[in-house]
Amino acid sequence: MSKRCRLLTAKDGNKVPVLAYGEKEIRFGSLYDGKYAAGRWLAHYITGEIENMVLFGLGDAQVPLGLLARIPGSIFIYEPNDVLYREMKHTSVCKKLQAEKRIRLFVGESSLSQLYAELWELLNEDNVDTTAFRIQNGYDRCEAEKITKLQNNFREMAQKIESLRPSVKRFIRSMIQNQIASVAPMEGGIPLGRLAKYWDKEVPVVVVSAGPSLEKNVKWLKEAEGKAFLFSVDAALPLLLKNDIIPDVAACLDADKNMNCFEDARSREIPLLVTTNAPAGLIRSSGAKKIWGSTHAFMNALYTKCGIELPRTPVELGVATLILASLIDLGAKKIIFVGQDLAYSREGKSHISGREEKYIKNERYNAEGYYGGTVYSRADWTMTREWLENAIRKAPGREFINATEGGARIRGTRQETLEEVLSALPPKGKSFKEILEDSRVCIRPEEYEKLKKEFCQGKKDLEKLRREGYEKTFFEGGGEKPPVMSLITDYMASLEEKPRKVRFEKAVQYVYNEYDKELSAWKN
């Protein structure tokens, strides 16, 4: 239905938009005293420790203006109606809003993707509880469907972030230590974003996971040599090496990964696909090339300052998502999954032999089986499968084959046996080793020196944050925050203390101490 908008002048002199939907008209604001009406709204809806706000509707702009004085953080406003915004944008009150750095205004359906992207940038495990979603009066009468959609998406984001809290609390110290320790071994390393420029997209890639079905397929993986690249998750490595199969890449991202996967001496010569969360001990002990895949916000900021290409596809879950995200970034045209069960076997096995985990039957996580029927999955596998399916859906023009022959069905893939897939593949061209030895894919010496310099600046940034304190750091400073800020907010999310100011002070001190240890090790 086409909409028309006109502005009325209230008794206080401010403009009030009236939107017409056919014969129905809806007014967004008071015709008497807009500031007073907004104050009543704020008193009712701004409760507790709200620091950031997602507001549905611009209205007469009085509520957003009032929010500036009520909450200290970011204010995201979504106005669904282009016609309303066009009328309001030249008013004095709207011009005030647009001049405020803390306010981001998104208009119309086309702006939603940008809104979601910026929300992901804003939200973390620490501030998700202090970020609220609110609806301006009147919009529920005309935009109920859009409200529900945005509200559900916001809730889904918050739930995803909250679901990561147990992992954050468990691994945060190791994660921060690994991220800080990841700069030194980057000399001569390979950023995934740069490797993508020289990657052979035509060579198929077999992604080897550690599901129980891998054991019946491992014999066929020997046939992949000369036809496809093999990317293995760390947990599958012992079985592959036991069968004298040397993958082209072993991937690892768990901060506290059990190093048993790398006990075989041959594993130290296999190129690693890692994130900056990967164990520092593994990185240091490996004599092979390191491909730095999806990185933490801390390293992303350092990369940006040094002009090093960033990976594009984010990784939210385990090592299987790291591999697929990396292959999507690299542009691989044919991707073949093996051992990607994401469900218990009929016998109740979770992984290949030697990697068994407790069998927990929970019908909440039922999944459609590879061969039909129902298989039992669990929460983390379900999230991984949904992530894979979503990533596949967003990568048109690629061929995804599930040759697992067991476990859960992965939508968007074609199911074939590994024997059938490999027998149809022609010989590949350039070897993986040749690609990695191309000097153009590596971090250059001058980039590495700049990376170290930017890293060292972090200690000065931490000293400054400690001097300025919580309020100024979060709500007064404005502008770009230093890279170490992401380490601080991560550590804050792992602490139970309240108020947030106490967590901030503890986090700054912890990150500073870890930084100091790393820089001392450099000197020695």
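Biologist: Which residues of α2 are buried?

Modeller: In this predicted model, the buried residues of α2 are Q62, V63, P64, G66, L67 and L68, where buried stands for a relative accessible area under 20%. They pack against α1, β4 (52–56), β5 (75–79), α4 (92–98) and β6.

Biologist: What makes the packing of α1 and α2 oblique?

Modeller: Helix α1 (residues 34–45) and helix α2 (residues 62–70) meet at an angle of about 60°, their axes being 9 Å apart. Roughly parallel would need an angle under 35 degrees, and roughly perpendicular would need 65 to 115, so the two helices are oblique to each other. As for handedness, α1 passes α2 in a right-handed crossing. On the α1 side the contact is made by G34, K35, A38, G39, W41, L42 and A43, and on the α2 side by Q62, V63, G66, L67 and R70.

Biologist: How do the residues in the contact of α1 with α2 divide by class?

Modeller: That contact holds six nonpolar, four polar and two charged residues, and in this count Gly belongs with the polar ones.

Biologist: Why is α18 also called oblique to α19?

Modeller: The axes of helix α18 (residues 484–493) and helix α19 (residues 500–523) come within 8 Å of one another and cross at roughly 125°. Since roughly perpendicular covers 65 to 115 degrees and roughly antiparallel begins over 145, this value makes α18 oblique to α19. The crossing of α18 and α19 is right-handed. Here V484, M485, L487, I488, Y491 and M492 of α18 meet a set of α19 residues that includes F504, A507, V508 and Y515. By class, the contact of α18 with α19 has 12 nonpolar, no polar and three charged residues.

Biologist: How do you know whether T384 is buried or exposed?

Modeller: T384, which lies in helix α14, has a relative accessible area of 10%. Buried means under 20%, and T384 is therefore buried. Leaving out residues up to four places away in sequence, T384 touches L317, T321 and L342.

Biologist: What makes S110 count as exposed?

Modeller: S110 sits in the loop between β6 (103–107) and α5 (112–122). Its relative accessibility is 68%, and because exposed means over 50%, S110 counts as exposed. P80 is 30 residues from S110 along the chain, and their C-alpha atoms are separated by 9.6 Å.

Biologist: Which residues touch the most other members of the largest nonpolar core?

Modeller: Among the 65 residues of that core, W199, L221, F231 and L324 touch the most other members. Helix α13 (residues 319–330) gives the most to this core, with eight residues. For L324, leaving aside neighbours within four places in sequence, the contacts are I335, F337, W387, L388, A391, I392 and F400.

Biologist: How many residues does the second, separate core have?

Modeller: That core has 51 residues, among them L19, Y78, Y85 and V128.

How values were computed. Residues numbered from 1 in each chain as written. Predicted model: local features only at pLDDT ≥ 70, side-chain atom pairs only at ≥ 80, totals over all residues. Heavy atoms only, no water. Axes fitted to C-alpha atoms, helices over the stretch in contact; angles between N-to-C directions. Helix = DSSP H or I, 4+ residues; strand = E, 2+ residues; numbered from the N terminus. Left-handed = near helix turned anticlockwise from the far one by under 90°. Contact = heavy atoms within 4.5 Å. Core = buried A, V, L, I, M, F, W, Y, C linked by side-chain atoms within 4.5 Å. Buried < 20%, exposed > 50% of the residue type's maximum accessible area, 1.4 Å probe, protein only.
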